[in-house]
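Open the structure in your viewer and keep the selection panel to hand. This tour says what to select at each stop and what is there.

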Amino acid sequence: MAEQELDTGGFDFSEVEKRLGVTRRTFLKYCAGVAASLGLSTSSAVAMAKAIAAKPQMRPPVIWLHGQECTGPTESLLRSEQPSLEHLLLDMISLDYHQTLDTGAGHKVEELKKKSMKENHGKYLLVVEGAIPVKDDGVYCKIAGETMLHITKEAAEGAAAIVAFGSCASWGGVQSASPNPTGAKGTQAVLPGKPVVNIPGCPPNPANFLGTVLYFVTFGKLPPLDQQNRPKWAYGRLIHENCYRRPHFDAGRFATEFGDEGHKLGYCLYKLGCKGPETYNNCPSLEFNNVGGGVWPIGVGHPCFGCSEEGIGFNKPMFALANVETHTPPNSFPTIEDRQQDTGISPTAAALGGAAAGAAIGASLMAAKKVGNTPESDSGSDG
Amino acid sequence: MSTYKPIGGRILTPTFIFFSIIVAISIYFMAQRFIYGMGSVANINGGFPWGIWVVYDVIIGTGLACGGYALAFTVYVFNKGKYHPLVRPALLASLFGYALGGFGAIFDMGRWWQFYNIMLPWNWNFNSVMLEVGLCVSLYIIVLIIEFSPVFLEKIGAQGLIKVLDKVLFFFIALGVLLPTMHQSSLGSMLIIMGYKIDPLWQVMQFQPLLAVLTALIMGYSIVIFEASFSKASFGGPNETPLLAVLGKVAVGLMFAFLAIRFVVLGVQGKLGLIFAGDFSSLMFLIETALFIIPALIIALPSQRQNPSKLLIAAVSMLFAGALYRFNAFLFTYDPGPGYSYFPSVSEIMVTLGVISIEILAYLVIVKTMPVFHRGEHA
């Protein structure tokens with residue numbers, strides 16, 4: 001299908017087939033899928049495919065830092081199938097430093113990191129995962145004897161673009177929740193003046209990261225961002241807006257307790273404290289793990305807890321009511337009856353319907369008679 | 001100097017009072033709908049969310065209001081200026097048909113207070129056929145008002161404004177052809193997305209938009225004949241039968257195209273046997289087809305065609321055929337699954353009759369007080 005839909009202008013993909021070990025068909029399908037999830041046209045998908053295929057030497061080097069976190073973003077990325085890591089991620093980007101995935105260890109990898117940063121100054125992509133403690137000069141998080149605060153600032157110097165992956169890196173995450181003993185902060189907060197793209201979520205959806213990176217690789221610039229520097233294509237809408245339980249919200253059908261009748265029937269989870277009405281993310285449309293079938297929190301019956309939204313996740317009580325940003329529910333709802341067995345055909349209604357149709361036919365016949373007999377100059381009254 | 005003149009005469013006639021009573025009754029039920037909710041007035045249910053309010057007031061009502069569309073096509077696209085005398089009455093009827101269709105859509109909306117959202121571009125979903133219909137119909141109502149505005153302006157004697165309008169009117173006339181083509185075909189697209197709920201005899205998939213536009217034009221030409229004949233019967237005036245006969249011929253031509261496409265598609269889909277299945281759907285299909293074919297028999301003969309009575313009967317038959325086609329597809333043979341049935345309630349029917357009555361009343365008042373009808377010197 002992808003081959004028929006995408007006009008690649010006779011571009012030779014044999015090189016990329018060999019390099020990535022995938023067929024041209026699979027490769028184009030993947031690019032079209034990423035472009036579609038970014039809301040881009042098929043011509044952008046072709047541009048993406050060509051960028052990846054034609055510029056292997058231009059794979060941007062990536063320096064990946066870990067701060068205070070659980071490695072959740074990396075774990076979720078490892079399970080990505082869009083693309084699967086072994087086929088595409090390693091070939092799209094040159095992952096020069098990543099504490100979880102590096103095969104080497106100790107001083108050697110630190111050396112390599114410094115070398116790569118020096119050689120690729122101004123060209124590499126910096127990905128930060130985890131919060132950065134700033135209290136007491138950042139002594140609460142150290143890697144290879146240096147504080148995370150120092151490492152981040154150092155790496156940010158020569159970065160072409162900085163991506164904060166996960167809620168911790170975006171705005172501090174769970175570490176930054178009160179009382180915040182280590183003074184944990186997000187990447188943007190410790191790098192004033194530097195543009196940081198935020199991909200929040202706990203864990204974030206790998207597709208949101210890969211889509212953004214692929215956009216960067218293809219077009220050499222970052223996708224459109226919102227006020228909080230989140231890619232608009234992923235964080236442009238409230239969860240509430242695309243939630244499949246939304247009709248229940250509008251109709252006033254709520255689950256009020258776990259396991260109650262409404263919960264079993266899949267009603268809206270707003271009254272259980274769902275933060276969908278104030279959390280921007282694309283979970284309802286992408287879901288998680290690429291298995292379909294409603295695999296995401298609200299889909300499996302748990303209220304959204306706002307993991308990706310600063311000030312909501314880890315800050316608001318789990319079951320506290322959300323502050324609905326769009327239409328608030330009215331205090332009372334009209335009853336909604338399915339009225340399945342209601343036939344409701346009354347003799348009066350049948351007679352009335354018949355009379356109306358009959359009147360229309362009768363009037364037409366009368367007019368037909370009259371119009372046939374009326375001489376041209378007749379200026380009679382209406383009847 | 002314009003040869004359009006108000007008809008004049010008393011406004012408060014027995015006809016007027018009769019329709020006013022119906023309007024009063026319908027206003028009572030409309031008030032009930034807004035106070036107690038839709039369920040207290042309408043018989044619609046989970047399986048039939050669209051009752052006669054949508055199917056008649058909006059889907060058929062706008063089809064019957066296609067006179068302005070059909071004539072705009074004839075006069076401006078095919079440059080047949082001699083039909084110009086028919087344009088103003090047709091536009092007026094279209095204006096009321098569409099305005100009340102839009103009004104009907106509002107009181108048929110469960111949460112009508114959210115209607116304003118359709119005007120906010122950042123809320124638009126461009127994949128929605130409903131959005132297309134909603135926006136297009138709203139725009140077309142505005143276009144119709146502008147197309148008809150020379151009548152108001154002549155009435156109040158705003159010569160300067162008429163001159164300005166004359167310069168830009170061509171743009172709105174173009175829109176007046178484009179917009180109905182878009183939303184009338186989208187009404188057919190709605191049948192596509194209803195999938196298997198539509199009876200096989202009416203589900204022609206990708207041909208739905210084409211059939212919808214064809215029925216709109218057939219109903220449009222027929223309603224022009226209908227209105228002109230009724231006006232002639234009520235108010236007298238010049239003999240327009242020769243003009244109308246040609247419109248009848250065009251309508252019948254379109255009708256043949258409609259039937260040909262429909263039967264070929266049904267044949268290709270292997271569904272022709274269903275026509276004689278002997279069930280309710282097949283009966284409705286046969287009645288509908290008969291209503292389409294009767295006018296062809298009348299209009300085929302030139303002598304019959306020039307007979308105003310026969311011409312009117314042919315037009316009415318085609319109007320019923322077009323209306324029945326849409327009724328059948330959207331309501332009569334619509335099958336939402338076991339357990340659901342629908343027949344409109346008395347109050348529901350009264351509201352629809354009220355809407356029709358409002359159209360007739362407003363039409364009568366405006367043609368009597370404003371320069372809508374063409375009154376040539378020869379009369």
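**Stop 1: a helix pair in chain B**

The model is a predicted one. Select residues 208-235 of chain B, which form helix 7, and residues 241-268, which form helix 8. Look at how they pack. The angle between them is about 155°, and their axes lie 9 Å apart. Helix 7 of chain B and helix 8 of chain B are therefore roughly antiparallel, as angles over 145 degrees count that way. Turn the view to see the crossing: helix 7 of chain B passes helix 8 of chain B in a left-handed sense.

Now show the side chains where the two meet. On helix 7 of chain B, pick residues including Leu210(B), Leu214(B), Ile218(B), Tyr221(B), Ile225(B) and Ala228(B). On helix 8 of chain B, their counterparts in the contact include Leu244(B), Leu247(B), Ala251(B), Leu254(B), Phe258(B) and Arg262(B). What classes of residue make up the contact of helix 7 of chain B with helix 8 of chain B? It has 18 nonpolar, three polar and one charged residues.

**Stop 2: the other partner**

Keep helix 7 of chain B on screen. The crossing here is right-handed.

Zoom in on the contact. From helix 6 of chain B, select among others Pro180(B), Gln184(B), Ser185(B), Leu187(B), Gly188(B) and Leu191(B). From helix 7 of chain B, the residues taking part include Gln208(B), Pro209(B), Leu211(B), Ala212(B) and Ala216(B). By class, the contact of helix 6 of chain B with helix 7 of chain B has nine nonpolar, seven polar and no charged residues.

**Stop 3: chain A as a whole**

Switch to chain A and colour by secondary structure. Chain A has 17 helices and nine strands. Of its 383 residues, 39% are buried. Consider the contacts in chain A between residues at least 6 apart in sequence: 71% of them join residues at least 24 apart.

**Stop 4: one serine**

Select Ser116(A), in helix 7 of chain A, residues 106-119. Is Ser116(A) buried or partly exposed? Ser116(A) has 18 C-beta neighbours inside 10 Å, so it counts as partly exposed.

Now show what Ser116(A) touches. Beyond its neighbours within four places in sequence, Ser116(A) is in contact with Pro61(A), Ile63(A), Asp96(A), Tyr97(A) and Tyr124(A). Finish on Tyr97(A): 19 residues separate it from Ser116(A) in sequence, and their C-alpha atoms are 8.6 Å apart.

Methods. Residues are numbered from 1 along each chain as its sequence is written. Chains are lettered from A and ligands numbered from 1 in the order in which they are written. This is a predicted model: local features need pLDDT of at least 70, side-chain atom pairs count only at pLDDT 80 or more; totals for chains, interfaces and linings use all residues. Axes are lines fitted to C-alpha atoms, for helices over the stretch in contact, and angles run from 0 to 180 degrees between N-to-C directions. Helices (H or I, at least four residues) and strands (E, at least two) are DSSP runs, numbered from the N terminus. Angles under 35 degrees count as roughly parallel, over 145 as roughly antiparallel, 65 to 115 as roughly perpendicular and the rest as oblique. A crossing is left-handed if the near helix is turned anticlockwise from the far one by less than a right angle, and right-handed if clockwise. Two residues are in contact if their C-beta atoms, placed from the backbone, lie within 7 Å. Ala, Val, Leu, Ile, Met, Phe, Trp, Tyr, Cys and Pro count as nonpolar, Asp, Glu, Lys and Arg as charged, and the others, Gly among them, as polar. A residue is buried if 20 or more other C-beta atoms lie within 10 Å of its own, exposed if 12 or fewer, and partly exposed in between; C-beta atoms are placed from the backbone.
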